[in-house]
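Trainee: Please take one part of this model and go through it closely. I would like to know what holds it together with its surroundings.

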Amino acid sequence: MDWAQYYADLTAAARAGERLALLPDLFRQFYQAFIEGERWKLYLKGLGSTYQLTVIALLIGVALGVVVAVIRTAHDQQRLGHHNLLLGIVDRLCRAYITIIRGTPMMVQLLIWSGVVFASSRNHTMVGAFGIGINSGAYVAEIVRGGLMSVDMGQTEAGRSLGLNYLDTMRLVVIPQAFKNIVPSLANEFITLFKDTSLVTAIGGSEMLYYAKAIGTKTYSVMFPLLGAACIYLVNVTLLTWLQGKLERRLRQSDRR
């Protein structure tokens, strides 16, 4: 008898048996992660929380970013020889804000907000939304400022010549024209924030990754919960990217008209 061949056949059979035994175990893990106890509803609940966080953070970021962008644009567009001291001080504060926020990791900022500034708060989810919104404001400020600066200075001068003050000129003349340049970038910022909300889990906030990790703790297996969360993120980001593309095409068509 060829003992070497016999041993090789036994080894191959054992490995085949292990692979066959692995299939029921994978199905069991899949069942526990998504079907048992209707745990798929937790993923949907986490998805809803993720969108809620994203919208709140974007609203904070847009509100803060527009204010910072208008201040910086007003400072940069001052006439030669006419410099407002107060505007100069506020502009320096805005520059410092943008530099600090863009120069430090978002995770560190969230830990500071949750562990230092709002250490006594138990609503970690809203703290996370606030922290992400403050972070987003620095990037939105540059997006809005770029859009405002892209409008010809003659439009601002025309508004001032009609008797409008600076804020009314911005509100009625400049911002409507810059809107088309700003919206696509804001849509991209929304997609970025949608993914960044996963960082809120690190400070105890509730969103999709939080529920996926909770399911993994119950099933003693994190593979399928994390894969499920990743697939949900991928599907939603793909959908949002498709909608962003449609929005940009619509804006280009309106420009041609």
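Mentor: Start with Y51, which is partly exposed, at a relative accessible area of 24%. On this scale, buried means under 20%, exposed over 50%, and partly exposed in between, with a 1.4 Å probe and protein chains only. The model is predicted, so local features need pLDDT of at least 70 and side-chain atom pairs pLDDT 80 or more, while totals for chains, interfaces and linings use all residues. Numbering runs from 1 along each chain as its sequence is written, and side-chain values use heavy atoms, with hydrogens and water left out.

The chain has nine helices and zero strands. Both are DSSP runs, numbered from the N terminus: helices are H or I with at least four residues, strands E with at least two. Along the sequence the pattern reads α-α-α-α-α-α-α-α-α. Of the 257 residues, 38% count as buried. Contact here means heavy atoms within 4.5 Å. Take the contacts between residues at least 6 apart in sequence: 76% of them join residues at least 24 apart.

Back to the rings. A pair of aromatic rings is described by the distance of the centres and the angle of the planes. Rings of Phe, Tyr and Trp (its six-membered ring) pair if their centres lie within 6.5 Å; planes under 30 degrees apart are stacked, over 60 edge-to-face, the rest tilted. The structure holds seven such pairs. One of them is Y51 with F194, tilted, at 4.9 Å centre to centre and 45 degrees between the planes. The link spans distant parts of the chain: Y51 sits in helix 2 (residues 40–76), F194 in helix 7 (residues 166–196), 143 residues apart. F194 is buried, with a relative accessible area of 0%. A further pair is W113 with F118, stacked, at 6.0 Å and 25 degrees. F118 is partly exposed at 30%. Ring pairs also join Y51, F194 and Y233 into a cluster.

Side chains of opposite charge can pair when their charged atoms come close. A salt bridge is a side-chain nitrogen of Lys or Arg within 4 Å of a carboxyl oxygen of Asp or Glu. The whole structure gives eight. In one of them R95 meets D76, with the closest N and O atoms 3.5 Å apart. R95 lies in helix 3 and D76 in helix 2, so this pair ties together parts that are 19 residues apart in sequence. Both ends are partly exposed: R95 at 36%, D76 at 32%.

R95 has another partner. Its side chain meets that of D91 in a salt bridge of 2.8 Å, N to O. D91 and R95 both lie in helix 3, four residues apart, about one turn of the helix. D91 is buried, at 2%.

Now follow helix 3 to helix 5. Two packed helices are described by the angle between their axes and the distance between the axes. The axes of helix 3 (residues 85–103) and helix 5 (residues 124–149) come within 9 Å and cross at roughly 120 degrees. Axes are lines fitted to C-alpha atoms, for helices over the stretch in contact; angles run from 0 to 180 degrees between N-to-C directions. The crossing is left-handed, a term for a near helix turned anticlockwise from the far one by less than a right angle; clockwise is right-handed. From helix 3, Y97, I98, I101 and R102 meet I134, N135, G137, A138, Y139, A141 and E142 in helix 5. These contact residues divide into seven nonpolar, two polar and two charged. Ala, Val, Leu, Ile, Met, Phe, Trp, Tyr, Cys and Pro count as nonpolar, Asp, Glu, Lys and Arg as charged, and the others, Gly among them, as polar.

R145 counts as buried at 19%, whereas E142 is partly exposed at 22%. Bridges that share partners join R72, D76, D91, R95, R102, E142 and R145 into one network.

T125 is buried, at 17%. Leaving out residues up to four places away in sequence, T125 touches L53, V200, G205 and S206.
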